Amino acid sequence: MTDRAPQLVSRMREFGETIFAEMSALAVATASINLGQGFPDTDGPAEVADAAVAAIRAGHNQYPPGPGIPELRIAIADHQRHWYGIEIDPDTEVLVTAGATEAIAAALLALCEPGDDVVTFEPYYDSYAACIALAGARRRVVQLRTPDYAFDPDELERAITPRTRVLLLNSPHNPTGKVFSRGELEMIAQLCVDHDLVAVTDDVYEHLVFEGEHIPLSTLPGMRDRTLTISSGGKTFSFTGWKVGWVCGPAELVTAVRTVKQFLTYVNAAPFQHAIAVGLGLDDGYFHRLNADLREKRDRLRGGLAAAGFTVLPSAGTYFLTVDIRPLGERDGLAFCRSLPERCGVVAVPNVVFYDDREAGLPLVRFACCKRVEVIDEAVTRLKGLAR
Ligand SMILES: Cc1ncc(COP(=O)(O)O)c(C=O)c1O
């Protein structure tokens with residue numbers, strides 16, 4: 001090693017190891033309950049797992065077609081029609097990606113010139129900031145303000161500059177659990193139309209809405225031809241490790257994303273693409289049960305966190321609940337999360353890592369509720385010990 005500047009390019013220097021890697025490693029090292037990273041601790045539906053095994057046995061193990069296997073692209077188009085009344089052409093308006101993560105990266109790399117602006121809301125999912133930086137673009141954030149995560153429409157309009165190319169929206173929203181209302185989406189859509197922006201929407205929690213409804217931005221007036229809609233089989237089928245995601249939108253935009261995507265991974269997850277196609281075709285009962293199960297877990301964790309002394313902020317969807325730690329006499333969420341495994345054997349994530357305005361995020365901590373009820377109960381028992 002020399003004492004030269006770090007090898008990492010300057011635009012990536014603010015991004016070290018992700019907080020999820022740090023906290024999950026801490027969970028393993030301290031044998032703690034991991035309510036940090038958002039992955040379920042039970043498998044998804046057996047018929048979907050069986051379809052993956054069958055696909056491997058049937059020899060679907062080589063590179064799949066670049067845009068994704070036709071069965072999955074058709075299943076995605078059917079899903080969009082069935083749930084939202086959206087008509088898309090599976091051949092030209094759907095692209096299968098290595099999780100939503102690759103779709104987000106490829107979309108931003110495809111759409112942003114260096115120096116362009118991307119507007120998004122804070123707190124934001126951590127890959128957004130990194131991918132905006134990779135594209136050489138600049139993030140302009142508008143804050144979702146506690147306690148109800150409302151945003152100021154004027155602030156949003158002011159965040160849009162002549163260099164703004166993309167508005168990046170996540171609803172249902174990680175980490176807050178906010179589900180954007182129709183009124184808010186209409187406001188956002190109008191700004192996209194007025195300022196000729198492309199909307200990139202991250203809808204990975206589309207089936208995990210507990211209050212309100214998921215309204216794809218692309219269904220609002222003027223948005224079909226300017227929206228890329230991203231989702232993933234990870235959350236909907238509880239197979240987060242398979243990394244089968246997709247992006248839908250007008251052919252011209254999807255083609256742009258595909259041009260980049262083909263040089264990132266080219267393709268991925270051939271047998272799992274077959275399995276997720278089977279999953280998307282499950283009857284509505286599956287999706288309703290998934291939702292009911294997570295809602296129950298959210299309610300259970302919410303009650304437990306409140307009983308442990310935290311102020312629990314509203315969460316209308318996703319895997320997550322955010323708490324304010326100040327009622328426990330704490331104020332620094334990062335320090336709190338780093339000490340929590342040692343103090344009581346539970347891992348959580350400090351929301352400050354999702355904020356540019358670090359002061360706003362400092363006292364907030366995110367817990368994942370997508371765990372077995374006995375795990376949630378044990379975590380709550382441990383957390384209750386903190387107040388003693
Ligand atoms: C908001 C959001 N977008 C994208 C992803 C990543 O999705 P995938 O695992 O399909 O890449 C996650 C995963 O936690 C997420 O919370």
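This is a predicted model: local features need pLDDT of at least 70, side-chain atom pairs count only at pLDDT 80 or more; totals for chains, interfaces and linings use all residues.
Val119 stands opposite Arg140 in β4.

Let's step back to the whole sheet. These two strands belong to an open sheet of 7 strands, and the order across it reads β2-β8-β7-β6-β5-β3-β4, with mixed pairing. Which strands stand at the edges? They are β2, residues 94-98, and β4, residues 138-143; each has a single partner strand, so one side of each is left without a neighbour in the sheet. On average, neighbouring strands here are turned by 25 degrees against each other, if you ignore direction.

Now for the helices on this sheet. Helix α5, residues 126-134, packs on it and touches β3, β4, β5 and β6. The direction of α5 makes about 150 degrees with that of β4. Elsewhere on the sheet, α10 lies across β2 and β8, running at about 65 degrees to β8.

Stay with α10 for a moment, please. This helix, residues 270-280, packs with α3, residues 70-84, at an angle of about 25 degrees, and their axes are 8 Å apart. That angle makes α3 roughly parallel to α10. The crossing of α3 past α10 is left-handed. From α3, the contact is made by Glu71, Leu72, Ala75, Ile76 and His79; α10 brings Gln273, His274, Ile276, Ala277 and Leu280. Sorted by type, the residues of this contact are 6 nonpolar, 3 polar and 1 charged.

Arg73 is in α3 and Asp91 is in the loop between α3 and β2, so to speak a link between distant parts of the chain, 18 residues apart. For the whole model, the count comes to 24 salt bridges.

Last stop, the other sheet. This one is open too, with 4 strands in the order β9-β10-β13-β12 and antiparallel pairing. At its edges stand β9, residues 311-312, and β12, residues 349-350, each with a single partner strand. β9 pairs with β10, residues 320-324, in the antiparallel sense over 2 bridges, and Val312 stands opposite Val323 in β10. Helix α11, residues 284-307, lies across β9, β10 and β13, running at about 15 degrees to β10.

Technical notes. Residues are numbered from 1 along each chain as its sequence is written. Side-chain values use heavy atoms; hydrogens and water are left out. Axes are lines fitted to C-alpha atoms, for helices over the stretch in contact, and angles run from 0 to 180 degrees between N-to-C directions. Angles under 35 degrees count as roughly parallel, over 145 as roughly antiparallel, 65 to 115 as roughly perpendicular and the rest as oblique. A crossing is left-handed if the near helix is turned anticlockwise from the far one by less than a right angle, and right-handed if clockwise. Contact means heavy atoms within 4.5 Å. Ala, Val, Leu, Ile, Met, Phe, Trp, Tyr, Cys and Pro count as nonpolar, Asp, Glu, Lys and Arg as charged, and the others, Gly among them, as polar. Two strands pair if DSSP finds at least two bridges between them. A salt bridge is a side-chain nitrogen of Lys or Arg within 4 Å of a carboxyl oxygen of Asp or Glu.
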